[in-house]
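Biologist: I would like to learn how to read a model like this one, feature by feature. Could you take me through it with the general idea before each case?

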Amino acid sequence: MPSQQVFKTQDNALYTTSTGAPVAQPYAAQRIGKIGPLLLQDFHHIDLLAHFDRERIPERVVHAKGAGAHGYFEVTHDITDLTCAALFKNVGTKAPVTMRFSTVGGESGSADTARDPRGFAIKIKTEEGNLDWVFNNTPVFFIRDPAKFPHFIHTQKRDPQTHLKDADMFWDYLSQNPESIHQVMILFSDRGTPNGYHHMHGYSGHTFKFVNASGKFVYVQIHVRKDGGCKTFTDDEAGKLAGENPDYGIQTLFEDIEKGEYPSWTVYVQTMTAEQAEKFRYNILDLTKVWPHKEYPLRPVGKIVLDKNVENYFAEIEQAAFSPSHLVPGIEPSADPVLQSRLFSYPDTHRHRLGVNYSQLPVNAPVAPVANFQRDGAMAFNNQGARPNYQSSIVPLQYKAKAYENVQHEIWLGAAQADLSEITELDFEQPRALWQKVFSDTDRDHLVHNVAVHLKNAKSAEVKARQLSVFAAVDQTLSDRIADAIGAPRVQALKAKPAAEAVRFKVSGV
Ligand code: HEM
């Protein structure tokens with residue numbers, strides 16, 4: 001972290017108040033006589049307690065439990081045909097990186113091995129500003145309509161009355177919103193219980209746009225693949241560790257970096273032209289779907305290495321503020337509605353959690369110089385000195401011309417975004433391929449077991465039957481095996497509209 005003062009553990013520091021005045025004895029409080037009341041004039045004592053009273057900031061509303069470290073991003077392949085982003089101008093360029101991994105639903109003291117997707121957030125400090133990749137360890141997500149996010153998250157957290165996690169709530173939401181099934185299948189495989197935080201891949205999930213110097217754009221999906229592959233736990237192993245060492249993920253990440261066993265990832269992109277997107281079987285703005293690697297191969301871009309532990313967890317990880325809207329010229333968001341909502345939500349929550357000047361905190365401050373007309377607010381410690389605070393003709397700022405005009409694909413987007421909640425046969429094809437083609441027999445056994453041990457806790461027969469009907473739409477055998485394992489009646493698949501009726505096919509006529 002460039003701009004933060006570094007304190008060594010043993011630096012023979014002199015004990016002082018927060019204003020730097022030396023104090024002889026950290027426990028001594030000024031009082032009247034030997035046993036009398038304490039004095040209001042005792043700045044040291046009040047300074048001590050008042051600061052302690054304010055030590056906690058709000059934890060993240062989701063992804064509260066996590067671990068992180070620093071390292072670098074290195075460009076290994078030329079992709080200037082795809083993007084004009086300054087980071088990718090030259091092969092060999094290195095940029096500083098901070099990464100934070102997290103579970104999603106649990107509080108900041110919860111177990112690292114909980115069954116949950118994992119957050120996979122990367123802050124890359126480039127010469128043209130910070131580029132944040134706020135990814136998960138799964139290529140798909142539960143929703144494609146952002147309005148569902150608070151509903152969904154509420155059901156994965158605590159019941160408002162009992163303050164307990166609640167299996168009925170959990171499955172009630174998922175069974176009413178079957179577009180979640182692809183992510184549910186991954187979550188209840190062993191990939192839902194990764195071994196620690198640094199033996200997993202990360203995925204953009206969303207489609208982004210890369211724009212090159214001539215203003216030509218391609219749609220991209222970004223993949224950050226762990227060198228040496230992923231490691232996972234079985235449900236039993238994860239459950240045991242949750243009791244024995246709930247901080248397993250934090251500990252192993254820290255220890256591996258201390259030992260010099262630096263975790264590293266290779267970064268790839270999949271690309272699609274606008275024309276290919278229109279002909280693609282699935283909607284590329286629907287993050288419940290993946291792009292098959294065979295048709296859209298992975299193209300290597302760079303690597304990420306984590307080679308530095310933090311000096312101070314709070315300053316360097318808890319105060320880290322990632323946002324998918326922290327983008328740089330040459331990389332643009334797509335019109336995926338969930339991504340569009342996230343562009344707003346993260347800076348909004350940072351202003352609440354860290355304050356309006358969160359970008360000035362050392363871990364968030366860009367290495368690129370900042371010059372604008374934002375001033376003041378709480379904790380403005382880089383307030384841009386005497387520089388004019390308005391667009392001045394006397395002391396003007398310099399402006400860099402935009403490299404390209406807005407890149408849109410409007411006619412098609414209108415169609416591709418319509419009716420996000422409609423469930424068609426398309427929604428079950430990729431989950432079915434996971435069950436029938438990708439998973440091994442062991443994976444299938446584990447999926448059935450992992451769902452059964454959770455779903456059996458739902459009290460509502462209706463909720464159980466509805467979720468079984470979603471599994472049956474993926475594959476009848478999968479549903480029947482789960483039904484048998486939880487002692488519930490077997491059910492038929494829910495009725496989805498035919499694939500040909502998916503809205504984008506009708507409207508775009510592709
Ligand atoms: C954290 C909102 C979907 C990945 C968060 C936070 C919020 C949020 C408010 C807390 C941020 C903080 O306090 O610093 C949303 C909304 C979503 C959404 C509204 C959908 C409408 C997603 C998706 C992904 C994702 C689809 C991944 C593809 C993450 C990660 C973090 C996070 C990695 C933790 C960042 C960190 O380590 O600080 N999200 N999220 N989220 N979200 Fe989302």
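**Reading the model**

Modeller: Let us begin with exposure: aspartate 376 is exposed, because 9 other C-beta atoms lie within 10 Å of its own. Residues are numbered from 1 along each chain as its sequence is written.

Biologist: Where does aspartate 376 lie?

Modeller: Helices (H or I, at least four residues) and strands (E, at least two) are DSSP runs numbered from the N terminus. Aspartate 376 falls in the loop between H9 and helix H10 (410-417), and it has a positive phi of about 65° although it is not a glycine. Methionine 379 also sits in the loop between H9 and H10, with a positive phi near 60°, and it counts as exposed because it has 12 C-beta neighbours inside 10 Å.

Biologist: Is glycine 192 buried or exposed?

Modeller: Glycine 192 is buried, because 25 other C-beta atoms lie within 10 Å, and its place is in the loop between H4 and strand S5 (202-203). Two residues are in contact if their C-beta atoms, placed from the backbone, lie within 7 Å; leaving aside neighbours within four places in sequence, glycine 192 is in contact with Arg115, Asp116, Ile186 and Leu187.

Biologist: Which residues of the largest nonpolar core touch the most other members?

Modeller: A nonpolar core is a set of buried Ala, Val, Leu, Ile, Met, Phe, Trp, Tyr and Cys residues joined through C-beta atoms within 7 Å. The largest one here has 62 residues, among which Leu87 and Phe210 touch the most other members. Strand S7 (residues 217-226) gives the most to this core, with 6 residues. Apart from neighbours within four places in sequence, the contacts of phenylalanine 210 are Leu82, Thr83, Phe217, Val218, Val220, Gly330 and Ile331. A second, separate core has 27 residues, including Met185, Phe188, Leu447 and Leu478.

Biologist: How does the span of helix H12 compare with what it should be, and what covers its buried residues?

Modeller: The expected span of a helix is 1.5 Å times one less than its number of residues. For the 15 residues of helix H12 (residues 441-455) that gives 21 Å, which agrees with end C-alpha atoms that are 21 Å apart. The buried residues of H12 include His446, Leu447 and Asn450, and their cover includes helix H3 (167-176), helix H5 (235-244) and helix H13 (461-474).

Biologist: How many residues surround the ligand?

Modeller: A residue is near a molecule if its C-beta atom, placed from the backbone, lies within 6 Å of it. By that rule 28 residues surround the ligand, the closest being Arg60, His63, Arg100, Gly119 and Phe149. The largest share of this shell, 8 residues, comes from H9.

Biologist: Where is the pLDDT below 50?

Modeller: pLDDT is the predictor's confidence in each residue, from 0 to 100. The protein chain has a mean pLDDT of 95, and 96% of its residues reach 70 or more, but over residues 506-510 the pLDDT is below 50. Where pLDDT is low, the predicted coordinates should not be read in detail.

How values were computed:
Predicted model: local features only at pLDDT ≥ 70, side-chain atom pairs only at ≥ 80, totals over all residues. Buried ≥ 20, exposed ≤ 12 C-beta atoms within 10 Å, placed from the backbone.
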